[in-house]
Amino acid sequence: MNLDIPSIRTDFPILSRSIRGKQLVYFDNGATNQKPIEVIERMSDYYRNINSNVHRGVHFLSQIATDAMENARATVRDFLHAASIEEIIFTKGTTESINLVAHSYGKAFVRAGDEIIVSEMEHHANIVPWQMLCEEKGAILKVAKVNDDGSLDLDYLNSLFTPRTKLLAITHISNVMGIINPIQQIISHAHQNGIHVLVDGAQAVPHTPVDVQTLDADFYVFSSHKMYGPMGVGILYGKHELLQKMPPYQTGGEMIKEVSFEKTTFNELPFKFEAGTPMVAEILGLATAIEYIQRLGISNIEAYEKELFSYANQQLIQIKGITILGTAVNKASTISFNLEGIHHYDLGSLLDQMGFAVRTGNHCAQPLMNRMKLDGTVRVSFAVYNTTDEIDLFVQGVQKAQLMLL
Amino acid sequence: MKIEEEKNAIIEEFELFDDWMDRYNYIIEMGKTTDGLSDEFKTKQYLISGCQSQVWLTAAMQEGKVHFKADSDAIITKGIVQLLLRVANNRTPDEIVNEDYSFLDKIGLKEHLSPTRSNGLTSMIKQIRLYALVFKTKESQNNN
Ligand SMILES: Cc1ncc(COP(=O)(O)O)c(C=O)c1O
């Protein structure tokens with residue numbers, strides 16, 4: 001199905017605003033993308049008409065709020081095709097989801113001398129929690145390598161697997177290069193070696209269909225704000241049997257069954273991992289964002305973004321002196337580049353003056369920058385509301401900036 | 001030129017520009033044409049690390065005035081550094097410490113001074129002040 005992009009654009013109020021007198025061109029979707037009006041209205045409606053604490057009161061509003069939140073959980077389950085709603089944990093975002101797993105999985109499964117594997121292309125959020133865990137437990141952090149073309153070195157990855165390897169934490173799609181990892185194959189190899197896999201899906205979920213059961217992922221994590229939903233909420237999907245064996249992350253209200261001063265017993269999944277009053281408005285906003293994606297069709301979004309991506313790639317490579325980071329073929333919606341003799345900060349500053357929102361710097365992936373021997377790049381990342389016209393404008397903008405800087 | 005005169009001179013220079021392109025072309029030109037630091041000074045010791053661009057800064061005291069030299073890996077940052085140094089260079093430590101460098105707001109470069117921009121400029125201003133304070137302390141110790 002062909003998407004009606006002009007009509008989709010009108011769903012996003014922010015797209016009609018101008019920046020320094022110029023029409024905003026928003027190409028920083030990898031950092032966070034924009035919200036359709038229905039998401040904004042859902043959150044506002046919650047505070048206008050429903051606001052009440054969940055899972056506690058017997059009163060009318062509390063019931064409605066609780067039902068709405070649990071329906072949202074069912075929406076997420078459906079979106080990921082998870083086996084049960086007990087496997088869907090609401091967190092603050094990708095970062096918190098990973099910290100939760102590092103903490104609770106670490107407590108249950110990781111001992112001194114065990115090994116955890118991450119890759120060179122991870123976001124810092126999928127490196128530092130594992131580093132801390134390894135330090136605390138006396139475990140060993142191993143690092144899977146990236147090839148010169150930006151793809152993961154799969155042979156090397158497989159060579160890292162040992163009987164002491166407990167978990168592999170790996171991104172589905174690179175936030176810097178847009179490289180898509182063959183995640184299903186990676187998970188299958190890891191499982192053959194008795195290794196659990198956490199997939200950082202922050203850059204995948206907005207762009208491509210994800211079925212956690214087909215992937216057979218043990219943990220799959222992502223943030224709402226990168227998929228047309230509000231900031232402040234994210235998801236941890238975990239297999240029931242693993243979550244069951246893991247101790248709570250934070251403790252307090254909501255997550256307990258019985259509390260006495262001698263002993264506290266914890267609530268059932270998923271509540272065991274959701275201590276305290278949750279961010280109900282954000283959770284509802286996320287559910288509405290998922291419904292929005294489902295209405296457009298994630299496969300339609302993927303197909304359209306592929307067109308945008310190919311077009312942008314074709315246009316950008318014609319700029320003299322451009323190098324695109326990561327030349328591997330399997331990529332999605334994100335392009336990182338540099339121009340010869342030009343610092344990414346300079347290019348980014350001029351593009352900003354022209355009304356383009358792009359990201360510059362190391363993209364919270366310093367190990368990848370070191371691997372690629374760069375201090376940074378300019379990154380454009382697309383969403384369903386972007387257009388080839390915007391890409392044309394952008395390419396002209398880059399050329400103009402290049403003239404000024406060289 | 002006194003510190004106030006220098007700032008006013010810069011503001012007047014920028015008033016001549018019609019649009020952002022003129023302003024940035026001027027800064028870029030300044031970044032390109034001013035001598036930076038030689039490689040022996042582009043070391044960790046003099047580095048003010050920003051996440052986006054890096055600045056190197058050296059300072060020396062001569063006859064009661066502080067002399068700075070600076071460089072950056074990004075041209076725009078380097079150009080703005082030169083503007084800051086026109087104001088801060090060859091001043092007494094007291095003048096340097098008391099200056100707030102907000103003249104950059106008046107010439108449309110405010111965003112480059114935001115701490116979240118992490119281009120090294122905010123840290124550079126801190127470092128300029130710190131050098132001035134150190135020289136001032138040394139001076140008063142010598143006088144005692
Ligand atoms: C691949 C990847 N992982 C993790 C994160 C962190 O996400 P959040 O800041 O929403 O927790 C990001 C966001 O930049 C990302 O792109």
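A:S104 is buried, with a relative accessible area of 0%. That is my starting point today. One caution before I go on: this is a predicted model.

So where does this serine sit? A:S104 lies in helix 4 of chain A, residues 94-109. Which residues does A:S104 touch, beyond those up to four places away in sequence? They are A:M246, A:P247, A:P248, A:Y249 and A:F273. Take A:P247. In sequence, A:S104 and A:P247 are 143 residues apart. In space, their C-alpha atoms are 5.4 Å apart.

Now step back to the whole of chain A. The domain assignment gives domain 1, made of 5-30 and 298-405, and domain 2, which is 40-294. The contact between them takes 34 residues from domain 1 of chain A and 30 residues from domain 2 of chain A. The C-alpha centres of these domains lie 28 Å apart.

How much area do domain 1 and domain 2 of chain A bury between them? About 2,700 Å², with 57% of it on carbon and sulfur atoms. Three residues stand out on the domain 1 side. A:I298, A:L368 and A:R371 supply 23% of the area that domain 1 of chain A buries against domain 2 of chain A.

Keep A:R371 in view. A:R371 forms a salt bridge with A:D148, and their closest N and O atoms are 2.7 Å apart. Between the two domains of chain A, 21 residue pairs are in polar contact. Which elements of domain 1 each supply at least two residues to the side that touches domain 2 of chain A? Helix 11 (298-316), strand 14 (334-339) and helix 13 (366-371) of chain A.

On to the interface between the chains. Here 19 residues of chain B are in contact with 19 residues of chain A. The area buried between chain B and chain A is about 1,600 Å², and carbon and sulfur atoms give 54% of it. In chain B, the residues that lose the most area to chain A are B:W20, B:Q52 and B:I76. Together they make up 37% of what that side buries.

Two elements give two or more residues to the side of chain B that touches chain A: helix 2 (20-33) and helix 3 of chain B. Helix 2 of chain B gives the most, with seven residues.

Now a look inside chain B. Helix 6 of chain B runs over residues 121-143 and has 23 residues. From first C-alpha to last, helix 6 of chain B reaches 33 Å, close to the 33 Å expected at 1.5 Å a residue. Its buried residues are B:L121, B:M124, B:I125, B:I128, B:Y131, B:A132 and B:F135. Look at that spacing. An α-helix has 3.6 residues a turn, so residues three or four places apart point the same way. What do the buried residues of helix 6 of chain B pack against? In chain B, strand 1 (47-48), strand 2 (55-62), strand 3 (65-72), helix 3 (75-88) and helix 4 (93-98).

Last topic: salt bridges. Over all chains, the structure holds 21. In chain A, the side chains of A:E38 and A:R295 meet in one, at 3.1 Å, N to O. A:E38 lies in helix 2 of chain A and A:R295 in helix 10 of chain A, so the pair ties together parts that are 257 residues apart in sequence. A:E38 is partly exposed, at 24% relative accessible area. A:R295 is exposed, at 53%.

Chain B has a residue with two partners to show you. B:E6 forms a salt bridge with B:R86, the closest N and O atoms being 3.0 Å apart. That pair links helix 1 of chain B to helix 3 of chain B, 80 residues apart. B:E6 is buried, at 11% relative accessible area, while B:R86 is partly exposed, at 25%. B:R86 also forms a salt bridge with B:E13, with closest N and O atoms 2.7 Å apart. B:R86 is in helix 3 of chain B and B:E13 in helix 1 of chain B, so this pair ties together parts 73 residues apart in sequence. B:E13 is partly exposed, at 24%. Back in chain A, A:E70, A:R73 and A:E274 are joined into one network by salt bridges that share partners.

Methods:
Residues are numbered from 1 along each chain as its sequence is written. Chains are lettered from A and ligands numbered from 1 in the order in which they are written. This is a predicted model: local features need pLDDT of at least 70, side-chain atom pairs count only at pLDDT 80 or more; totals for chains, interfaces and linings use all residues. Side-chain values use heavy atoms; hydrogens and water are left out. Helices (H or I, at least four residues) and strands (E, at least two) are DSSP runs, numbered from the N terminus. Buried means under 20% relative accessible area, exposed over 50%, partly exposed in between (1.4 Å probe, protein chains only). Contact means heavy atoms within 4.5 Å. The expected span of a helix is 1.5 Å times one less than its number of residues. Domain bounds come from an automatic or database domain assignment. Buried area is the accessible area (1.4 Å probe) that two parts lose on being put together, summed over both. A salt bridge is a side-chain nitrogen of Lys or Arg within 4 Å of a carboxyl oxygen of Asp or Glu. A polar contact is a pair of N or O atoms within 3.5 Å; within protein, one must be able to donate a hydrogen and the other to accept it, and residues adjacent in sequence count only if both atoms are side-chain atoms.
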